[in-house]
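Here are some friendly notes to read alongside the model.

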There are 2 protein chains.
Amino acid sequence: MTAAELTEQIFKKKSFLCVGLDTDLEKIPTYLLSEKDPVFSFNKAIIDATHQYCVAYKPNLAFYEAIGVDGFKALKKTIEYLHSEYPEIYTIADAKRGDIGNTSRMYAKAYLEDLGFDSITVAPYMGRDSVEPFLEFTNKHTILLALTSNQGAFDFQTKNLENEELYKEVIKTSLTYKNAENLMYVVGATKAEFLQEIRKIVPESFLLVPGVGAQGGSLEEVCQYGITKNVGLLVNSSRKIIYASDSSNFAEIAAARAESLQVQMADELTKLSS
Amino acid sequence: MTAAELTEQIFKKKSFLCVGLDTDLEKIPTYLLSEKDPVFSFNKAIIDATHQYCVAYKPNLAFYEAIGVDGFKALKKTIEYLHSEYPEIYTIADAKRGDIGNTSRMYAKAYLEDLGFDSITVAPYMGRDSVEPFLEFTNKHTILLALTSNQGAFDFQTKNLENEELYKEVIKTSLTYKNAENLMYVVGATKAEFLQEIRKIVPESFLLVPGVGAQGGSLEEVCQYGITKNVGLLVNSSRKIIYASDSSNFAEIAAARAESLQVQMADELTKLSS
């Protein structure tokens, strides 16, 4: 999916919500555990109930790897289900990969080609030749970690690197990478004030903003500093939506949470056009 | 396995070689492709032939993920085979993971607990709370990317971060993490001159050195600057050993390559005791 098509979906659905599918066997309703594939059953119920309120889903691969072979199968079924039932949905493999060139190429193939995700999150520590293999795929995006939403972000990311904070250096340098037009960036909502700084460097790029919801961070602030005329934002919420309830109507309650965020987003989009 | 036990193995086998199991269906002998599980067949043959010359194996997970469910099964069979047949071997999941705390915990569980690897490589970009969940496991090691062996290492790692290069800041900061005694570091052999600098910060820690062989880098130089009285080095070679030949006796030829490195390492260990 192109960024323009994603933007079109955002305006159509009046939502820039991404739902994080961090599906954990210890957190899903216990009655699902007796099903053949509880992870997929949970994901399917969440997707069916929430898809009208969001434009993207983002499985974090750690949760699937933690279940081994069954986790990988559930991930595959989930992405195939999204492709067949909701092809208008944008998909993000939250993988945070990054390795030397020929190895990054294997990761890129696995997620962008074989599983057919629209995008993948990538860690920048290893630099250009660890990122460029992901950028080669047409109509796919590489979402580079810039400023993450956790406390550890202050260990290195916000420190000065040759007179500029590392996260800014990462974004600026990434703009010199081949096919840089396929880049998006992860920017934590817990640091909305940094969004203003980032918009000076990448005024148009899509930003994936985690950390609204369980990790804190206000949607209003994110929009105040981060929104562009084409929106340019995907705001993610995982646990606050998918684990809103562990009762048998968990999917309906998740949908209500998603809808409430969508309504706030619709408001923000109205401000944009006024 | 503890670091002391690893050191014991190094002196016993007169080797600090780690063989990288970067098993790629496009590079293994074609006659193996008709087997039920070609990746495991290849790994088993390489392990059976080379185990006496090395102390560690390091599957890079990208190569297994690129094959999907079958890749995960082959990885599992490989680690189980190592555990049952060669329990004295140290195992490294070359994953380069790192995510917010509760997510890193899932990765740690998957590789250190469920699959039972002795160690895992981790990317430092997200800081303390992305690394500490890996450090909680007793007798397991977290091998932090410090200075990698690729060209992109110069994008950020060697730049000054508040008057010190980022890779040094990463190592110094990591020493303040909880359970820091479980840390090792990835240091690329293509930059052996940096080893001297790193040894000033971590005079005793184990360093995993990739990039001897196909990626260049000299064993002698690595030892000159990096070896300690307890060795403190694991030198990895992947492609130069496992793809030394694509004929039916590929495993024997791989063994010869591994042996040649082992002989050089035995020499270096002799210098150490003299």
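**Notes on a strand, a helix residue and the core**

1. Let's begin with strand pairing: S3(B) and strand S4 (residues 119-122) of chain B run parallel and are joined by 3 bridges. Within this pair, Arg97(B) sits opposite Val122(B) in S4(B). To get from S3(B) to S4(B), the chain passes through helix H5 (residues 101-114) of chain B, in a right-handed β-α-β crossover. Please keep in mind that this is a predicted model.

2. S3(B) also pairs with strand S2 (residues 56-58) of chain B, again in parallel, through 2 bridges. Here Ala56(B) faces Tyr90(B) of S3(B).

3. How many residues of strand S3 (residues 90-97) of chain B are buried? The count is 8 of 8, so the strand is mostly covered. In a regular strand, side chains alternate between the two faces of the sheet. Tyr90(B), Ile92(B), Asp94(B) and Lys96(B) point one way from S3(B), while Thr91(B), Ala93(B), Ala95(B) and Arg97(B) point the other way, and all are buried.

4. Do have a look at Asn43(B), which belongs to helix H2 (residues 38-50) of chain B. Asn43(B) counts as buried because its relative accessibility is 0%. Beyond residues up to four places away in sequence, Asn43(B) touches Leu21(B), Thr23(B), Tyr64(B) and Thr78(B).

5. Finally, the core. The largest nonpolar core has 210 residues, and Phe16(A), Tyr111(A), Phe16(B) and Tyr111(B) have the most contacts inside it. Setting aside neighbours within four places in sequence, the contacts of Tyr111(A) include Leu61(A), Phe72(A), Ile120(A) and, from chain B, Glu65(B).

Key
Residues are numbered from 1 along each chain as its sequence is written. Chains are lettered from A and ligands numbered from 1 in the order in which they are written. This is a predicted model: local features need pLDDT of at least 70, side-chain atom pairs count only at pLDDT 80 or more; totals for chains, interfaces and linings use all residues. Side-chain values use heavy atoms; hydrogens and water are left out. Helices (H or I, at least four residues) and strands (E, at least two) are DSSP runs, numbered from the N terminus. Buried means under 20% relative accessible area, exposed over 50%, partly exposed in between (1.4 Å probe, protein chains only). Contact means heavy atoms within 4.5 Å. A nonpolar core is a set of buried Ala, Val, Leu, Ile, Met, Phe, Trp, Tyr and Cys residues joined through side-chain atoms within 4.5 Å. Two strands pair if DSSP finds at least two bridges between them. A crossover is right-handed if, with the strands pointing away from the viewer, the path from the first strand over the helix to the second runs clockwise.
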